[in-house]
Amino acid sequence: MPLDLVCPAGNLVSLKTAIDHGADAVYIGFRDNTNARAFPGLNFDEAQAAEGLRYAHARGRRVLLALNTYPQTDTWRRWTDAVDRAAALGIDAVILADAGLMRYAVRHHPQLRLHLSVQGSATSYEAINFYHEHFGIQRAVLPRVLSLAQVENVVKNTPVEIELFGFGGLCVMVEGRCLLSSYCTGESPNTAGVCSPARAVQWKETAAGLESRLNGVLLDRYGKHEKAGYPTLCKGRFEVAGETYYALEEPTSLNTLDLLPAMLKMGIAAIKIEGRQRSPAYVAQVTRVWRAAIDAVKRDAAGFAPTAAWMAELNKLSEGQSHTLGAYHRPWK
Amino acid sequence: MEMKLSLGPLLYYWPRDDVFAFYAAAATWPVARVYLGETVCSRRHLLRLPDWLELAEGLAAAGKEVVLSSQVLIESESDLKTLRKLAGNGRFLVEANEWGAVRLLARAGVPFVAGSTLNVYNAQTLDVLAGLGAVRWLPPVEVSRTMLAAVLEQAPAGIETEVFAYGKLPLAYSARCFTARHYNLAKDDCQFRCLDHADGLPLASREGRPFLTLNGIQTQSAGVYTLIALVPELATLGVSCLRLSPQSRHMERVVGAFHDALAGAPPADLARVMPGPPVDGYWRGGAGLDHGDGAC
């Protein structure tokens with residue numbers, strides 16, 4: 001089916017919530033740094049994953065497992081063990097970024113379905129077809145860098161299903177090709193499964209305003225009436241040539257509801273909602289809106305328009321209460 | 001094995017004459033290898049592939065081993081067209097900087113260099129690349145000595161290791177152009193403002209601490225990574241080539257200092273010729289912006 005709704009689940013409650021509100025699939029991670037949301041208190045142990053699978057499969061839905069950080073030589077076994085456990089549990093697909101780990105999965109679990117993670121940074125059909133030919137990748141999640149026309153060109157030139165980010169936190173950088181977090185803190189998504197980790201964040205009330213720092217580097221300073229957001233490095237205000245502004249990206253979220261008819265038409269296999277770190281309440285609201293929107297566009301693509309109520313509800317949940325079409329829309333670049 | 005020096009690809013956008021002058025000078029410097037080509041932005045057009053090939057012939061005639069580096073972020077069909085020409089050039093080795101290039105080079109059956117943005121963090125992935133024809137590789141620039149030592153212990157036989165050892169660190173790539181954004185210009189109408197910033201556009205925290213460097217769609221560190229004091233350690237690990245990343249001024253001094261260090265001289269103090277403060281935290285396993293004993 002085109003336009004499968006793939007929702008985030010940071011824990012079992014979120015998983016069930018996403019399924020109950022209409023997700024076709026959920027994606028989860030194990031409780032360690034084998035996935036790119038290695039946050040304290042988040043993710044699944046084996047028993048919870050098994051329970052989640054049982055719950056999803058009983059309702060005809062799927063569970064995908066993100067193993068999308070880059071294994072290192074001395075901890076290689078942690079990642080291969082995770083692949084083994086995923087296969088034993090009957091996970092519907094594992095989402096991988098590392099070529100060495102893909103080779104392991106193909107050799108040891110040829111029946112296991114593989115997806116290429118956004119952390120694999122594949123932005124062209126040549127790259128995606130590489131992973132398809134060598135490791136049998138069946139779906140690829142595209143980094144949030146291509147325009148819609150470029151996405152369509154990828155779809156036309158690969159047998160691999162394409163999954164796009166539809167809503168949630170917006171990485172302004174190519175996923176898997178951003179080391180800003182480790183430059184500042186020593187830990188990056190690639191190696192540690194975290195970006196701008198909470199342990200490195202400091203908040204301080206000063207005469208000049210509320211300051212957020214990451215490992216000592218001032219990321220932003222908020223005036224009395226400004227709302228302070230989580231200090232993600234690329235969404236800070238910096239000085240460039242005497243000007244202070246959001247030099248990389250405003251605190252904003254991606255929202256692509258408007259693009260659903262185009263995505264349906266070009267044959268996008270799945271829409272991914274970001275946010276395994278968000279609450280079950282968030283998962284419920286976002287899933288409900290996106291389920292309704294996807295059903296509506298499938299019923300009548302030509303007559304589709306996002307309702308004001310959907311947009312209002314999603315904006316309420318957006319970082320900085322604003323949203324963007326991101327790179328899908330050229331002027332953003 | 002004797003350690004070599006390489007000149008990395010020019011990451012900035014310089015006027016055409018400046019580029020030709022730079023490489024004319026580089027032909028006389030003690031670097032064994034020169035990486036050429038536009039790796040950052042397809043809009044930078046003052047030199048096209050035929051120009052790079054002309055430079056390549058000149059440098060090869062001067063005794064340099066020339067490698068053509070591919071663009072890191074591939075977005076359009078026209079990017080792929082250039083990539084195919086590069087992969088099929090039939091004369092010079094190519095550095096693959098994303099996996100589409102790996103596919104094309106492996107299919108062509110030619111040896112290649114596995115660039116640092118392929119994200120090789122373990123020996124198994126390195127083995128995949130070696131099987132496809134990689135004869136040399138660069139670890140990600142965030143690699144620590146511990147991580148590299150672990151890979152090299154299990155590395156496939158015969159593959160050569162090159163390490164980014166000097167320059168502002170290329171940290172991130174985006175669809176967005178941050179230089180154009182600074183000037184409130186759309187990327188499609190950037191007016192080539194990168195030309196005004198020969199070593200990138202400095203970005204500081206709101207209290208004036210140098211932090212990053214904007215270079216079009218690429219974000220670099222403000223700090224200049226330098227491993228000149230660690231040459232013996234790199235040699236012991238089995239690293240056979242050190243990459244020096246071009247800067248607009250004093251590059252000859254930098255090359256000379258590394259050349260002396262390879263010959264056993266005590267490390268020269270390069271602070272005066274660096275376009276930013278020195279950093280080496282990644283190599284020590286910490287935050288990239290750290291330097292020396294761990295102090296920021």
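1. The model is predicted, not experimental. Chain A contains eleven helices and 16 strands. Its C-alpha trace spans about 60 × 55 × 40 Å along the principal axes. The radius of gyration of chain A is 20 Å, which agrees with the value near 20 Å that a compact globule of 333 residues would have.

2. Burial and contact range. In chain A, 55% of the 333 residues count as buried. Taking the contacts in chain A between residues at least 6 apart in sequence, 64% join residues at least 24 apart.

3. Domains. Chain A divides into domain 1, made of 4-170 + 252-332, and domain 2, made of 180-245. The C-alpha centres of these two domains of chain A are 27 Å apart. The contact between them involves twelve residues of domain 1 and seven residues of domain 2. On the domain 1 side, the residues touching domain 2 are four nonpolar, six polar and two charged.

4. Contact between the chains. Chain A contributes 57 residues to the contact and chain B contributes 56. On the side of chain A that touches chain B, at least two residues come from each of H4, H5, helix H6 (148-156), strand E8 (173-178), helix H7 (180-185), helix H8 (189-192), strand E11 (217-222) and strand E12 (238-240) of chain A. By class, this side of chain A has 28 nonpolar, 19 polar and ten charged residues.

5. E8(A) pairs with strand E7 (residues 160-174) of chain B in the antiparallel sense, over two bridges. Met173(A) has Ser174(B), in E7(B), as its bridge partner.

6. Helix H4 of chain A. Which residues of H4(A) are buried? In this helix, residues 99-108, the buried ones are Ala99(A), Gly100(A), Leu101(A), Met102(A), Tyr104(A) and Ala105(A). Their cover includes, from chain A, strand E3 (62-67), helix H3 (76-89), strand E4 (93-96), strand E5 (114-116) and helix H5 (125-135). Helix H5 (123-132) of chain B is also included in that cover. H4(A) is also among the elements that supply at least two residues to the side of chain A touching chain B.

7. A three-stranded sheet. Chain A has an open sheet with the strand order E9-E10-E11 and antiparallel pairing. Strand E9 (201-206) and E11 of chain A are at the edges with a single partner strand each, so each has one side without a neighbour in the sheet. From one strand to the next, the twist averages 25°.

8. The E9-E10 hairpin. E9(A) and strand E10 (residues 209-214) of chain A are joined by a hairpin through two residues. Their antiparallel pairing runs over six bridges. Val201(A) is opposite Leu214(A) in E10(A), while Glu205(A) has Leu210(A) as its bridge partner. How many of the six residues of E9(A) are buried? The count is zero, and E9(A) is hardly covered.

9. Positive phi values. Two residues other than glycine deserve a look when the backbone is checked. Ser196(A) has a phi near 45° and is placed in the loop between H8 and E9 of chain A. Ala241(A) has a phi near 50° and is placed in the loop between E12 and strand E13 (243-245) of chain A. Are these residues buried or exposed? Ser196(A) counts as buried because it has 24 C-beta neighbours inside 10 Å, and the cut-off for burial is 20 or more. Ala241(A) counts as exposed because it has 12 such neighbours, and the cut-off for exposure is 12 or fewer.

10. Arg37 of chain A. Arg37(A) is in the loop between strand E2 (25-28) and helix H2 (46-58) of chain A. Arg37(A) is buried, since 23 other C-beta atoms lie within 10 Å. Apart from its neighbours within four places in sequence, Arg37(A) is in contact with Gly10(A), Gly29(A), Leu42(A), Gly193(A), Arg276(A) and Gln277(A). Trp76(A) is 39 residues away from Arg37(A) along the chain, and their C-alpha atoms are separated by 19 Å.

Conventions:
Residues are numbered from 1 along each chain as its sequence is written. Chains are lettered from A and ligands numbered from 1 in the order in which they are written. This is a predicted model: local features need pLDDT of at least 70, side-chain atom pairs count only at pLDDT 80 or more; totals for chains, interfaces and linings use all residues. Helices (H or I, at least four residues) and strands (E, at least two) are DSSP runs, numbered from the N terminus. Two residues are in contact if their C-beta atoms, placed from the backbone, lie within 7 Å. Ala, Val, Leu, Ile, Met, Phe, Trp, Tyr, Cys and Pro count as nonpolar, Asp, Glu, Lys and Arg as charged, and the others, Gly among them, as polar. Two strands pair if DSSP finds at least two bridges between them. Axes are lines fitted to C-alpha atoms, for helices over the stretch in contact, and angles run from 0 to 180 degrees between N-to-C directions. Domain bounds come from an automatic or database domain assignment. The radius of gyration is taken over C-alpha atoms; the globule rule is 2.2 Å times the number of residues to the power 0.38.
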